[in-house]
Amino acid sequence: MSQSPSNTNVVSCNAGCNKDFSIKQLNTSRMEDSIDRVWFSCGHCEAEYTAYYTNPEIRDLQKKISYYVSRKKDVSHLQKELSEKMNLLESRFKDNAK
Ligand SMILES: [Zn+2]
């Protein structure tokens, strides 16, 4: 999956038909350990791509961030924490795929 720099919602279907498509809808599938896989599929060929993974800790952080954002508070430290946790979780699945 590669992202076009002009529009972050448009991606190339490089695991499928190689056409560009826009992400219309994110789907969520529950996995083990209360982990959710958030994914989308190509509108042309229905190839599936994982957007990101979340666990209860990450979902709590996401809620916290949207709460603070709605109150115009600074969330940069929370967003940093969130991306670190998401990277950690993602690497766990990448390791399993080997
Ligand atoms: Zn496709």
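Mentor: Start with the open sheet: three strands in the order 4-5-6, with antiparallel pairing. A strand here is a DSSP run of E with at least two residues, a helix is a run of H or I with at least four, and both are numbered from the N terminus. Two strands pair if DSSP finds at least two bridges between them. The edges are strand 4 (27-30) and strand 6 (48-54), each of which pairs on one side only. On average, neighbouring strands of this sheet are turned by 30 degrees against each other, direction ignored. For that angle, axes are lines fitted to C-alpha atoms (for helices over the stretch in contact), and angles run from 0 to 180 degrees between N-to-C directions.

Before we go on, keep in mind that this is a predicted model: local features need pLDDT of at least 70, side-chain atom pairs count only at pLDDT 80 or more, and totals for chains, interfaces and linings use all residues. Residues are numbered from 1 along each chain as its sequence is written.

Now take the two pairings in turn. Strand 4 and strand 5 run antiparallel and are joined by four bridges. Find Thr28 and you'll see Val38 of strand 5 opposite. These two strands make a hairpin with five residues between them, and Asp33 in the turn has a positive phi of about 60 degrees.

On to the other side of strand 5. Strand 5 (residues 36-41) pairs with strand 6 over six bridges, again in the antiparallel sense.

Phe21 lies in strand 3 (residues 20-22). Phe21 counts as buried because 20 other C-beta atoms lie within 10 Å. The cut-offs are 20 or more such atoms within 10 Å for buried, 12 or fewer for exposed, and partly exposed in between, with C-beta atoms placed from the backbone. Leaving aside neighbours within four places in sequence, Phe21 is in contact with Val11, Cys13, Cys42, Gly43 and His44. Contact means that the C-beta atoms of two residues, placed from the backbone, lie within 7 Å.

Of its 98 residues, 7% count as buried.
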